[in-house]
Amino acid sequence: LSNALSLGRRSRPPGFVMGSCASTPPLLPDRGVLRIIGMTSDASSSQTKAVAAMLMTAEAVSWDGDPVKTGSFTAGAASFVAAHCDTASAVLPATTPGSDGTYTQSGDLAKSCVPKAEAVSQAGFDEAGLLLDARLGAKWAEAFGGSAQYVKLAAANLAATPGIRRVAWQLDEDRAPEEYADWVSLAEYKAFAGYAGSPPYVVLGARGVPLSQSELERQPWYAMTPEQLGWA
C-alpha cells in the first residue's frame, strides 16, 4: 500500500488544515496535484470560484467520476481543464474498476477537453476497502449500500495519484443529519484527514472560504464517531 493507504495514527486533529483561518482560499504551497471532492449538485458559485483560484497554482487536478458540469464540485475545474485540453497529465479523473470512463465526459462544461476517466486497479480498489474497514468500522459498506463503491474509489484514487498536495472539499452545509451515514465525502474525510501520509484537507464553506478549526468543530458531523454514524 502507498503512504496514503497505510494504516497510521492521526498526525493532527481531524479537519486541521494549514492556513485554515485565512480569509481567502489558500494557494497550493507548490505546483502539485489538487484533488477536489464534494457535492454533485448545488455547489455554490463561491465554492466554484474558490476551487478555480486554487487551481491557478496547481499542475494537475484529480477527482472521482463526476462529469465537469454546472453545480457540481467539478465546476471549479472547468477553466483549468479547458486550458489543459491537450495535456493528459494535468487532468486526472478516475473511475471504478471495469468502467469505461466515458460518463465523466458528459458534462456541460469544458466540452471535448475532459478525458475518459481512468479506472483504478481492482487490487487497489480491494485494498482500499480493507483500509476503510479498519478506519471507518466493519459496517460502513453496509450503511452506504451501492454508494460504497464511490468511497472505495476515493481511497483507491488517493493512493494511485502521486503528488496530491491538498484536497479541496466543497462542503454541503445544508446536509441533513439523517443523510450523514451515506455521505461519501464525509467518509473520505473521516478516513484520511489528519492521518500521517495524507494530504491536508481544505474544507470550503458555502461562501467559498476555508472553515477555521473552530468553525469545523461547530459542524454537527465533525466529532461524530463511526459508531454514531452507524459505520461500526
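The exercises below treat the sheet, the nonpolar cores and the aromatic pairs of this predicted model.

**Exercise 1. Determine which elements supply the largest nonpolar core, and which of them gives the largest share.**

Solution. 
- Step 1. The largest nonpolar core comprises 38 residues. Among those with the most contacts inside it are Trp140, Trp169, Leu186 and Trp221.
- Step 2. At least two residues each come from strand S1 (33-38), helix H3 (122-136), helix H4 (140-144), helix H5 (148-160), strand S5 (164-170), helix H6 (184-192) and strand S6 (201-204).
- Step 3. H5 provides the largest share, namely six residues.
- Step 4. Another core, of 23 residues, lies apart from this one; Val68, Phe73, Phe80 and Val91 are among its members.
- Step 5. Returning to Trp221, its contacts beyond four places in sequence include Trp169, Leu171, Tyr180, Trp183 and Lys190.

**Exercise 2. Classify the aromatic pairs Phe144–Trp231 and Trp169–Tyr189, and state which parts of the chain each one links.**

Solution. 
- Step 1. The count of aromatic pairs comes to 10.
- Step 2. For Phe144 and Trp231, the centres are 5.9 Å apart and the planes make an angle of 35°, a tilted pair.
- Step 3. Phe144 belongs to helix H4 and Trp231 to the segment after helix H8 (226-229), so the pair ties together parts 87 residues apart in sequence. Both Phe144 and Trp231 are buried.
- Step 4. Trp169 and Tyr189 are likewise a tilted pair, at 5.2 Å centre to centre and 45° between the planes.
- Step 5. This second pair links Trp169 in strand S5 with Tyr189 in helix H6, 20 residues apart. Trp169 and Tyr189 are both buried.
- Step 6. Ring pairs also join Trp169 and Tyr189 into a cluster with Tyr180, Trp183, Tyr201, Trp221 and Tyr222.

**Exercise 3. Find the ring over which the charged end of Arg135 sits.**

Solution. The ring is that of Tyr195, and the charged end of Arg135 lies 3.8 Å from its centre.

Note on methods. Residues are numbered from 1 along each chain as its sequence is written. This is a predicted model: local features need pLDDT of at least 70, side-chain atom pairs count only at pLDDT 80 or more; totals for chains, interfaces and linings use all residues. Side-chain values use heavy atoms; hydrogens and water are left out. A nonpolar core is a set of buried Ala, Val, Leu, Ile, Met, Phe, Trp, Tyr and Cys residues joined through side-chain atoms within 4.5 Å. Buried means under 20% relative accessible area, exposed over 50%, partly exposed in between (1.4 Å probe, protein chains only). Helices (H or I, at least four residues) and strands (E, at least two) are DSSP runs, numbered from the N terminus. Contact means heavy atoms within 4.5 Å. Rings of Phe, Tyr and Trp (its six-membered ring) pair if their centres lie within 6.5 Å; planes under 30 degrees apart count as stacked, over 60 as edge-to-face and the rest as tilted. A charge sits over a ring if NZ of Lys or CZ of Arg is within 6 Å of the ring centre and within 35 degrees of the ring normal.
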